[in-house]
Amino acid sequence: MTNINLLKPNKENLNLFVILGALFFCLGIFDFCLNNFYGKNITSFLPGFISFFTPVIFGMFGLYLIRIEFSGIKLLDNLNKNINTNNFNAALSIGIIILIIFSVAPLLNWFILDATFIGDSKEACTGEGACWVYIKTWFNRFMYGMYPNAEQWRVNTTFILVLVLMGAGYFFPLRYKKYLTFYYVIILPIISFLLIYYLISGGEFGLEWVETGAWGGLSLTFIVSFFSLIFCFPIGMMLALGRRSDLSVVKYSSLSFIEFWRGVPLITVLFMSAVMFPMFLPDGTYVDKLIRVIVAITLFEAAYTAEVIRGGLQALPRGQYDAAKSLGMGYWKLHLLVILPQALKLVIPGIANTFLALVKDTPLIFVVGLLELVGMLNLAKTNPKWLGFSMEGYVFAGIIFWIICYSMSKYSQSLELKYKTDR
């Protein structure tokens with residue numbers, strides 16, 4: 001009979017070591033759960049210090065037993081390659097698994113098991129978990145702000161039409177694809193602005209006028225983000241090109257603009273747009289607060305976008321410029337057809353990061369009196385009938401922003417793969 005050394009796992013006794021390793025690993029997790037959730041310690045006969053670390057010891061020993069290189073089992077090889085390469089990584093893996101178990105159980109209780117979902121008032125929330133009745137009651141306000149309930153169909157219709165127009169670019173005939181940039185940068189913003197002006201604002205075609213002060217919630221977050229994203233990119237691209245220009249006036253004007261806006265906090269910029277900017281307007285001239293906020297955020301983020309794009313331009317070898325010039329291309333043709341397509345592919349992660357920051361910065365507009373999603377949460381939590389439920393509101397907002405940002409991140413990753421070129 002072959003002697004088996006448990007301290008030296010080998011491929012010849014693969015099944016035995018996998019079974020033993022799985023048993024020890026499960027024993028460690030079971031020991032932790034039993035001790036943490038039920039107050040039972042199966043290793044209480046050991047000294048206290050050792051007993052405290054037995055879940056990690058059992059788990060590490062289990063992972064050690066299955067650490068067999070080139071076992072031939074794909075799942076096992078992937079596991080060893082990613083989380084079980086050595087004892088240190090095994091300890092980290094066990095620690096993370098224990099931390100997840102420790103955190104998930106209470107969160108699950110608070111989120112679902114002990115939460116209250118049914119009811120219409122604060123009195124319905126008698127459990128120890130989250131009061132999702134609060135979110136249900138205020139849901140309309142979180143979505144539309146103070147926009148009149150009877151007119152909210154106008155907001156929904158506008159967003160549906162804008163989404164249809166955004167998706168229309170994917171169905172352009174091949175011979176018109178070269179006009180897509182013009183469509184998304186010029187045509188789409190103009191149509192979107194007209195839809196928002198006539199449908200959401202109203203005042204025409206028999207629709208009730210709704211001032212922008214009543215707009216709010218997630219719909220306002222989308223409006224501010226949409227226009228800021230569309231406009232900051234072309235402005236940032238022109239600033240990046242201007243900063244690299246050979247003309248001193250253009251170069252230093254772009255440099256001054258970028259450094260000024262990057263050196264000022266966004267909250268200060270918003271205050272300036274709401275308080276100081278109207279002082280410089282002629283008497284009788286009025287610019288809506290929402291437009292001023294969008295312009296302020298656009299210029300602020302354009303400065304950051306410019307630096308990201310400039311990084312891509314500097315990453316290209318000089319030979320690309322020389323090759324394009326040798327074909328007789330002028331400045332604009334050279335950059336639009338040769339340089340920018342290559343540079344923008346390199347900086348997709350950086351541009352996506354800037355856009356994500358823009359979306360997450362929109363809650364700052366509450367300082368000028370515009371109540372987007374987080375602003376409405378701050379208003380709701382001060383309501384005397386719903387005091388004490390701010391946690392649910394912020395969790396709800398966090399989930400919404402995570403979904404938006406994660407979707408944008410995944411889209412940027414798909415663009416990276418689509419335009420990836422081996423170098």
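Helix α5 (residues 132–144) and helix α8 (residues 217–243) pack at an angle of about 20°, and their axes sit 2 Å apart. Here axes are lines fitted to C-alpha atoms, for helices over the stretch in contact, with angles running from 0 to 180 degrees between N-to-C directions. That makes the two helices roughly parallel, a label for angles under 35 degrees. On the α5 side, the contact (heavy atoms within 4.5 Å) involves Arg141, Phe142, Met143 and Tyr144, while α8 brings in Gly217, Leu218 and Ser219. Sorted by type, these residues come out as four nonpolar, two polar and one charged.

A word on the model: it is predicted, so local features need pLDDT of at least 70 and side-chain atom pairs count only at pLDDT 80 or more, whereas totals for chains, interfaces and linings use all residues. Residues are numbered from 1 along each chain as its sequence is written, and side-chain values use heavy atoms, leaving out hydrogens and water.

Ser121 has 31% relative accessibility and so counts as partly exposed (between buried, under 20%, and exposed, over 50%, with a 1.4 Å probe and protein chains only). Its side chain makes a polar contact of 3.1 Å with that of Glu123 (N or O atoms within 3.5 Å, one able to donate a hydrogen and the other to accept it). Beyond four places in sequence, Ser121 touches Val133 and Trp386.

Thr305, in helix α11 (residues 289–315), is buried, at 1% relative accessible area. Leaving aside neighbours within four places, Thr305 contacts Cys232, Phe233, Gly236, Thr354 and Phe355.

Technical notes. Helix = DSSP H or I, 4+ residues; strand = E, 2+ residues; numbered from the N terminus. Parallel < 35°, antiparallel > 145°, perpendicular 65-115°, else oblique. Nonpolar A, V, L, I, M, F, W, Y, C, P; charged D, E, K, R; others polar.
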